[in-house]
Amino acid sequence: MTMTVSKTLGMTVLSLGIVGCVSQPNESEWVSVQGMPVPQNVVNTLFERCQNKSGEYSIEPNAMDQCLLQSGILRASSFYDITPFLVEATAKRLNADTPVMVDDATRLDSVEHQGRTLRLNHTIIDDVVADINVDQFQKVVPELVMQNTCFAPPMAALMENDVVFQYTYNDAEGQPITAFSIRHADCK
């Protein structure tokens, strides 16, 4: 995710009332918006910058969390609560680049979101259903997609917080080929 996404999230997360922070952050308390632990020295440096921006004693209860979130860092304990907003931000970010080719034959057309669901809509650009071995497609593609979804760090972090990835594939004429979902429990 980019800094822009973090800024968008910062405004949304404040409405959730994330607990404010005016004391030095604790070890292992902070993660990136991708769910990865952030080294304490990075958090401390950003914390100091936030204090210098706002003044050490005039800081509002949520201002420190907002400042750190704008740098892409949030409280680990808040990650689950803001996951729907991360899903929304992810969809917006991906849609900014769509349509985009994901390989020689597959185009990502759009991404939709609802709560903890992210739906990725694809087109196989050079084939029609009548020319596709749909049974083989349905055996091979979900397994490949699952491996990529389950083990890519940003996606894995979302999945660990109950996000469902739905994938749809249509042929060059818009006819459905297959649709499937991947949940954390599907990852092996």
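I take buried to mean under 20% relative accessible area. The model I am reading is a predicted one.

**Entry: the disulfide**

I looked for disulfides and counted one. Cys 150 and Cys 187 form it, with their sulfur atoms 1.9 Å apart. Cys 150 sits in helix α5, which covers residues 134–151. Cys 187 falls in the segment after β7, the strand of residues 176–182.

Is Cys 150 buried or exposed? I found 7% relative accessibility for Cys 150, so Cys 150 counts as buried. Cys 187 has 23% relative accessibility, so I noted Cys 187 as partly exposed.

**Entry: Met 101**

I moved on to Met 101. Met 101 lies in strand β3, which spans residues 100–101. Its relative accessibility is 40%, so Met 101 counts as partly exposed.

Which residues does Met 101 contact, leaving aside its neighbours within four places in sequence? I listed Thr 106, Arg 107 and Ile 125.

Last, I checked Met 101 against Ile 124. They are 23 residues apart in sequence. In space, I noted 9.8 Å from C-alpha to C-alpha for Met 101 and Ile 124.

Key: Residues numbered from 1 in each chain as written. Predicted model: local features only at pLDDT ≥ 70, side-chain atom pairs only at ≥ 80, totals over all residues. Heavy atoms only, no water. Helix = DSSP H or I, 4+ residues; strand = E, 2+ residues; numbered from the N terminus. Buried < 20%, exposed > 50% of the residue type's maximum accessible area, 1.4 Å probe, protein only. Contact = heavy atoms within 4.5 Å. Disulfide = S-S within 2.5 Å.
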